Amino acid sequence: MKMTIEVLEVNGLATIQDSGRTSWRRFGVPASGPMDVFAFQAANVLLGNPGGCAAVEIGLGDVSLQAAQDCVIAVTGVGYQLSIYIWEFPLWGSFFVRAGWKIRLNKTDHGMWAYLAVPGGVRTPSILGSQSTYLRGAFGGLEGRQLQAGDRITAASHFSYELAGQTLPAENRPKYQENPILGVIMGPQWDYFTKESIETFLSSEYSISLTSDRMGYRLEGPPLTQRGNKELISEGMTFGAIQVPSNGLPIVSMADGPSTGGYPKIGAVASADLPLLAQCVPNQSRIRFRETTVTKAQEKYRAVFEGLQKIVPDE
Amino acid sequence: MQFKPRILPLGDSSLLVELGDEIDMAVNQRVHALAHLIEVSSINGIIETVPAYATLLVHYDPLVLSYIQIKNYLREKITQVEEISSRKPRQLEVPVRYGGEYGPDLEFVATHCGLRVEDVIRIHTEQIYTIFMMGFTPGFPYMGKLDNAIITPRLQTPRTRVPAGTVAIAGSQTGIYSIDSPGGWRLIGWTPLRLFSPESETPFLFSPGDEVKFIVERP
């Protein structure tokens, strides 16, 4: 029997995302995909799904859903309280939900994104090889748009009761915190900036503007000054690249960030730390940058994502 | 004078190969040649490449390829680019309805350049343009270079909506809006061709590196 969950209410931004849309960035199509890659993958691993299956990304506000049939779901993320029927549960687990029970994710203060996975992934059409939603282009996911009341989320696979009751303990997750220090690989245009600005960048606190979104996190803090007037011709961009437009305020490119850009890039956030950045709260979190090397960043990435192997039964 | 190619990290999962630092046809051809070389060698761990004017961004999986490995691989490919003869690019014709409601900025361009409208059209359609890169929106081609005579700066304030198919110029570039979007370029005409069809087996009319010739649409 098909496993379906009905969306009752969305007070924020909920979209279907899989691991992302690759192979089309040379045509101007951003990769999209989840803002917090670790939490997204963990939700799938908790259900024994193949990596990258489409899940529901929930951001910025409360969501409530209702199971139309018995089902098993996994929920991960930061900044949400989960209740199923009359009970509350911590995130980062897999749960049995009886037909008719309501699932509520209530937004708390300290985080931004949650992921709800279903067995086999959410069933939606694949556009340009991916089920990720690209909101600007209005394609992918569920009809190229955010979820709304009345939408039905269908699982691609049947479930089994054994999938429920798993958890990913906190020590195997990234060190989410309100004021993280993010590793940055400097360049490719860090030499466009004055020495003082580079020092400022690597020693100051920045907050995240409320105008931030899935395309980019706009930072507020000490502006950065360029040495000369060198114009940069457009080049490829990536999730985590830090662009600095003429007002000197850095913008970190996020999941829906454009595939190319013409502003100088002072550096790029280490992939291992992107989940920490994604879960920062606008106007609240204070972030700092610390220089790191590619090799160290890759080692940390391996170490952090190895945590996904450490699913255990919930006691 | 020779630009020394550089390989720079953009984070821990992509590398920027710099083959030049300005908009130049020969450099751009080498960028596309390098992209093609990488594509046909299909090495495990390279996710995709994104060509731009003078650079190629290589997205890779750091769990499969280490920094040293991919740098060495790319160094080798760069030397091979100089040796191979360039492939003949694909050429496409784009029919355009110039001016009027289709190109509200055509008169401005003519006046700005001290030309008659017919001259602007003639000059725009005379040349074969290379698609240097694609970006901004899915399927938007950055083409050049425009003849000096019709170079026109972009708008100070972008329009909030430019219809898909609109042919435009900005600086020494010409482009075609691939989907309805905001736009800061000068709008000189419109093509009925569809640049982006997400449900199709061939979603994009153009590929980076293609050559484009604009022609006046027969009414």
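Trainee: How does the domain assignment divide chain B?

Mentor: Bear in mind that this is a predicted model. In chain B, the assignment gives domain 1, residues 6–83, and domain 2, residues 91–216. Taken over C-alpha atoms, the centres of domain 1 and domain 2 of chain B are 28 Å apart.

Trainee: How many residues of domain 1 and domain 2 of chain B are in contact?

Mentor: The size of an interface is often quoted as the accessible area lost when the parts come together. Here we can count contacts, with C-beta atoms within 7 Å as the cut-off. Seven residues of domain 1 of chain B touch eight residues of domain 2 of chain B. Helix H1 of chain B, residues 25–41, supplies three residues to the domain 1 side, the largest share.

Trainee: And what kinds of residues make up that side of domain 1 of chain B?

Mentor: Five are nonpolar and two are polar, with no charged ones.

Trainee: Over to chain A, then. How many helices and strands are there?

Mentor: Chain A has four helices and 22 strands. Its radius of gyration is 20 Å, close to the 20 Å from the globule rule for 315 residues, so chain A is as compact as a globular protein of that length. The C-alpha trace of chain A spans about 65 × 40 × 30 Å along its principal axes.

Trainee: What share of chain A counts as buried?

Mentor: That's 54% of the 315 residues. As for contacts in chain A between residues at least 6 apart in sequence, 79% join residues at least 24 apart.

Definitions and conventions
Residues numbered from 1 in each chain as written. Chains lettered and ligands numbered in written order. Predicted model: local features only at pLDDT ≥ 70, side-chain atom pairs only at ≥ 80, totals over all residues. Domains from an automatic or database assignment. Contact = placed C-beta atoms within 7 Å. Helix = DSSP H or I, 4+ residues; strand = E, 2+ residues; numbered from the N terminus. Nonpolar A, V, L, I, M, F, W, Y, C, P; charged D, E, K, R; others polar. Rg over C-alpha atoms; globule rule 2.2 N^0.38 Å. Buried ≥ 20, exposed ≤ 12 C-beta atoms within 10 Å, placed from the backbone.
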